[in-house]
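Student: I have a model open and want to learn how to read it. Where do we start?

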Amino acid sequence: MDIKKQAMSLLVTEAVKYLEHEPEKHFDRLISIAKVLVKGRDPFYQNIIKQFDDMWHDESSPWRGYLINYLTKLNPNQRKKFATNFLVNASIIGFTEQQKMAEKLDCNIPWTILMDPTSACNLKCTGCWAAEYAKQNNLTFEELDNVIEQGKKLSIYFYVFSGGEPLVRKKDILRLCEKHSDCFFAAFTNGTLIDEEFASEMERLGNFVPIISIEGFEEATDMRRGKGVYQSVIRAMDILHARNLAFGMSVCYHSKNTDYVGSDEFVDFMIEKGVLFGWYFTYMPVGADAHKELLATPEQRAHMYKRVNEIRATKPIFVLDFWNDGAYVDGCIAAGRRYFHINSAGDAEPCAFIHYSNYNIREKSVMEILKSPLFMAYHKGQPFNKNMLRPCPLLDNPEALAGMVKATGAHSTEALSPEDVDVLTSKTKEQAELWAETADDLWKVDPKNKENVRDRVNA
């Protein structure tokens with residue numbers, strides 16, 4: 001270990017000690033250590049540390065309560081693993097190394113890899129694209145493990161599972177968490193398979209968090225997911241909250257539920273249930289069973305853009321919008337720019353919503369996948385729009401996706417009903433045109449628009 005890494009290791013060790021013993025009392029010292037850890041690294045992290053420092057000293061900030069909750073109430077083992085594995089290994093150290101490699105190799109190097117251990121699921125949700133995969137597909141433990149081993153060589157220390165329902169394979173997921181104790185893991189799950197035994201293992205390991213899907217309150221959730229699912233989700237949240245375990249929510253907003261999932265009533269209830277963070281996704285009409293009528297209207301998407309920003313400013317919960325927060329990451333994050341997806345048949349796809357591929361992990365290495373024709377087309381094309389509220393090559397710029405798939409000869413990975421890219425993009429073309437006008441008006445005044453920042457500086 002070189003001197004620089006040894007010094008960083010000592011700082012992390014010191015920070016963990018503070019986290020374990022009266023962390024609230026030592027917060028200023030923790031901030032000081034964090035500033036040293038991010039010195040000379042990406043300005044994004046330096047800015048985050050400054051924001052945490054400012055929030056901590058602002059008695060009126062809802063985020064002060066959020067930080068106190070993290071420091072004093074979160075399960076101690078999970079708190080420690082989140083700090084060391086997610087914040088330090090995956091984010092501060094890992095992201096910096098990934099950027100260096102990406103520049104050197106002239107390709108995308110991801111911050112995380114999303115994997116489907118299985119295509120099996122105990123539910124059948126209306127309009128779910130995962131239902132298009134063959135139900136018998138599974139990645140073996142060894143295949144999942146091999147991807148992680150390769151990823152760690154690229155400084156990737158954060159891995160996310162989806163499906164199907166990933167907790168159908170919860171024993172293998174826990175086994176991976178235990179073997180790779182220097183990594184952090186998450187899973188997008190319907191929550192119905194979370195029980196006391198699983199929660200106990202989460203406590204013991206500390207390096208796993210579930211992100212539980214919910215569509216709003218009972219009527220909206222059961223409408224898409226099936227009768228009784230909402231109560232199962234609330235039961236899972238109660239099990240985790242009783243043990244002070246961190247978990248998040250995954251919310252798909254669409255034409256039928258946008259008013260509910262963005263409401264104060266819903267968000268406050270989720271906070272009360274113990275949700276610490278949330279991902280908002282808009283419905284994507286992927287697969288033969290897609291329900292185009294569920295696409296959010298431009299007005300609904302604009303409403304969520306405003307609501308997510310309001311929630312972040314007023315409530316003690318960290319929420320993100322997969323599309324409307326494109327400005328924070330300069331557009332599309334797929335094809336390894338921040339992440340890519342491996343489905344349960346081993347196909348490497350740019351995104352969980354883009355089911356096209358050149359390569360399979362059973363035949364190619366992770367590095368070869370990142371250099372594959374389709375992934376390199378993404379790399380050269382990103383960002384796909386100067387307006388960061390129009391980041392997606394399917395939802396916002398469908399001609400971009402169609403062009404890349406055709407130019408690279410990528411094949412559809414839909415096992416049941418392979419989907420021609422022109423058929424897929426025809427479903428979003430009209431919405432993309434409608435959203436463009438709304439999004440351009442929003443972007444003109446968005447404070448994250450770099451043109452607006454320059455105008456304010458020069459004023």
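Tutor: With the element names. Helices (H or I, at least four residues) and strands (E, at least two) are DSSP runs, numbered from the N terminus. Pro383, for example, sits in the loop between α15 and α16.

Student: What should I know about the source?

Tutor: This is a predicted model: local features need pLDDT of at least 70, side-chain atom pairs count only at pLDDT 80 or more, and totals for chains, interfaces and linings use all residues. Residues are numbered from 1 along each chain as its sequence is written, and side-chain values use heavy atoms, with hydrogens and water left out.

Student: Which peptide bond joins Gln382 and Pro383, cis or trans?

Tutor: The general idea: most residues other than glycine have a negative phi, and most peptide bonds are trans. Gln382 and Pro383 are joined by a cis bond, with omega about -5 degrees. Another cis bond links Gly163 and Gly164, with omega about 20 degrees. Gly164 lies in the loop between β2 (158-161) and α7 (170-179).

Student: What is the phi of Ser155?

Tutor: It is near 65 degrees, a positive value in a residue other than glycine. Ser155 is in the loop between α6 (141-153) and β2. Glu22 also has a positive phi, near 50 degrees. Its loop runs between α1 (3-20) and α2 (27-38).

Student: Is Ser155 buried or exposed?

Tutor: Buried means under 20% relative accessible area, exposed over 50%, partly exposed in between (1.4 Å probe, protein chains only). Ser155 has 14%, so it is buried.

Student: How do I read strand pairing?

Tutor: Two strands pair if DSSP finds at least two bridges between them. Strand β1 (residues 112-115) and β8 run parallel, joined by four bridges. Thr112 stands opposite Tyr339 in β8. β8 and β9 run antiparallel, with two bridges. There, Ile342 has Ala348 of β9 as its bridge partner. These two strands form a hairpin with five residues between them, and Gly346 in the turn has a positive phi of about 95 degrees.

Student: Which residues cover the faces of β8?

Tutor: Tyr339 and His341 lie on one side, Phe340 and Ile342 on the other, and all are buried. His341 has a relative accessible area of 0%.

Student: Which side chain does the His341 side chain make a polar contact with?

Tutor: A polar contact is a pair of N or O atoms within 3.5 Å; within protein, one must be able to donate a hydrogen and the other to accept it, and residues adjacent in sequence count only if both atoms are side-chain atoms. The partner of His341 is the side chain of Asp116, at 2.9 Å.
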